[in-house]
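Let's walk through this one together, from the inside of one chain out to where the chains meet. Here it is.

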Amino acid sequence: MNLDFSAEETQFREQVRAFLCRDLPAQLSAKVLGLKRLTREDIIGWQRILHCAGWGGPSWPKEFGGTGWSSIEQHIFDEECSLAGAPPIISFGSRMVGPVIMAFGNRAQQEHFLPRILNGTDWWCQGYSEPGAGSDLASLTTRAERRGSVYSVNGQKTWNTLGHLADWIFCLVRTDSEARPQAGISFLLIDMRTPGITVRPIPLIDGEHEVNEIWFDNVEVPIANLIGEENKGWTYAKYLLTHERVNIAQVGQARRELKRLQQLAARQLEGGQRLLDNVRFRHRLAEVEIDLMALELTVMRVLSAEKKRRDPGPESSVLKIRGSEIQQALSELNMQALGHYALPWIPTALDADWHGSPAGAEVWAPLTGRYFNQRKTSIFSGSNEIQRNIIAQRILGL
Amino acid sequence: MDFELTDEQTLLRNSLQKLLSAEYSFERRQAMLQTPFGHSPAVWKLLAGQGVLGAGLPEAQGGFGGPVETMIVMEEIGRALVLEPYMSSVVVCGGLIADLGTEAERNELLPRIIAGDCCAALAHHEADARYTLSHVKTSVRRQPGGLVLNGTKTVVQDGAVADIVIVSAQDDEVGGLSLLLLDSTTPGFEWIRYRTQDGRSGADLICRDVQVTEQHVLGARGAGLAAIELAVDTAIAASCAEAVGAMDALNAATLEHLKTRRQFGQPIGRFQVLQHRMADMFLQATQARSMSFLATGRCREPDRVQRRRALSAAKAFIGKAARFVGQQAVQLHGGMGMSAQLSVSHYFKRLTLINATWGDVDHHVGIVGDLLLTAEQ
């Protein structure tokens, strides 16, 4: 056992830092670190910068144009990017549909779609949840019926993230209504510009536009856009979900939020004294830091095991549960640090060039909304109740 | 002990419930959220018409009842998520004017507050104070011809809709805090108005060389802190009742969801893990109600230590309960809990903001802890 990074890994970290120092635009990192609204162009622009450096696919193998980094290297890369304030990569392409196309797509699909993800041409979104199919995803009812060389898709998806910005959507659709629920699902790639698709925003708790309902009304999808075999979509979806959950530990982002919290608590005053000098509040920070240390090492253990076995397996549920809980705790403490300044709602202060009043709002205005928004992390991507079921059933055999 | 309401109190509760369920549906509230500051003069007048704006204020000026009546009203305000400035205008400022005002001031202002013709707000918090009530840097000084007020007040609740404002300031001449009762359009005031996260309003108030006289001082000069403490304790009791009403409504909505939302071929309320969660939400709300009674019963207690211990305990307990109930109601609703189109997220936001007002959980746990040390000595 050795808890230290190897010399090569440490050198790799230096290389990533040098890259970020050189190629991450200061204006962009200021927006990310300030929790400002990011535009589509901000996120795509960063993907292009990564692509130019040959780092467009940090989690992809070399044969598909990725970096071929080990999972430890990917982790170092993610952590440094988060700490430096790089925008998030578009995970629906890079971390979700990309790996599925690599593992289960045909040659033509790989050659067409993968380079377009790497160079930022296509923004992907996900069509999984439906009004009647949330935790019980396998009960989904959006139908795809074969009509000659196309599927005709009808139904409704919901809680779709950023679909209003997307070029393509990967969807789970029912192709066999006779089979048991999991056995009648297929995995389809659909061009968002296809006639018959309607995207409607769902106003969220924090007032921001992040998720949508999407309707499919006789949407014609070429059969060539089916991934793998018809009715095997559930297997591909499960593969994707375990990949998504490793990513969701978000250790780098948690480190960044902890740092923000520490700075905030050093600046906020309580009866003229620093909030950080309030032992009760400082201990709350310490507790999160301890939890984060435990998560970080657990992530490293899972990643090390993954080197030998590729598929992350059910222990990724541990990372999803703890990762989401830590993010929620941090967003809550960031809000708590504000005292009365948790109350005002100043949505314009989330714009990058805002310099309004009350003075200082550009720092604190995003934090309460972020607390509300982060409640989603224990709900999405398999609720934490579902994750505990997975641990109980698949790991513990209960 | 007696936890029963009198017939008059039950009537107050029932008639207010009836009014709000007829006039303040969630859909109507959604429309009111689209107005500049959430405040609806029409609703305010309806409440005044039923006499609700007189609860807890003196009978001589048209008020009725005491803390129990305030509790009853605030619980219904919480249940219906009413956006109106009731807390600021009636409970806090109405209470301060009733406690400290001269007969002339009471006769002039209270009937207008009770009739809904005048909204009042308290400008006490300052940026560096957090929840420490005694930390006030705004000052009032003697100058030729009167007094001058300078300083910045932050997050004046309901400040954007207030007609009059009570400003606290260090009184350089006599020492201690003095309270100034001023028109919100007083020259030298700069208001920075904004919405709050729960759809209400707030404001920062910058006072620059505001010319005032001793006529504007509410109560005795230099005696403001004790008055503010008493007013805040009344406000804490009212907040506790509001949170109890909101938790009640949120638990009812969540229970309904557990019974009707089907996944895996059955109502999700069949799953034991969700049953236990809901049971915990119920027991938190049940105990929160007990603590709301404690706060109501002790908020006018003259013994400062007894009052402090009871009110801080109630606020801390209810803060924890509100956090649990709010977070879990969102969680059990899944994605729907995140939507602004359902009431769940709005209750959660309101409960979160109640928690950040008049001292959060840590602040009040700290006070109860400090009292343990005092008792030991």
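Strand E1 (residues 120-123) of chain B sends B:Ala120 and B:Leu122 one way and B:Ala121 and B:Ala123 the other way, and all are buried, meaning that 20 or more other C-beta atoms, placed from the backbone, lie within 10 Å of a residue's own. Strands here are DSSP runs of at least two residues and helices (H or I) runs of at least four, numbered from the N terminus. This is a predicted model, with local features needing pLDDT of at least 70, side-chain atom pairs 80 or more, and totals for chains, interfaces and linings using all residues. Residues count from 1 along each chain as its sequence is written, while chains are lettered from A and ligands numbered from 1 in the order written.

E1(B) has a parallel partner, strand E4 (residues 164-171) of chain B, over four bridges; DSSP has to find at least two for strands to pair. Opposite B:Ala121 you'll find B:Val165 in E4(B).

B:Val361, B:His363 and B:His364 are buried in H12(B), and the helix's buried residues pack against helix H9 (304-333) and helix H11 (343-355) of chain B.

On to the interface: 34 residues of chain A are in contact with 35 of chain B, contact being C-beta atoms, placed from the backbone, within 7 Å. Among the chain A elements that each supply at least two residues are helix H9 (279-309) and strand E11 (344-345). E11(A) pairs antiparallel with strand E6 (residues 189-196) of chain B over two bridges, with B:Thr196 as the bridge partner of A:Pro344.

Methods:
Two residues are in contact if their C-beta atoms, placed from the backbone, lie within 7 Å. A residue is buried if 20 or more other C-beta atoms lie within 10 Å of its own, exposed if 12 or fewer, and partly exposed in between; C-beta atoms are placed from the backbone.
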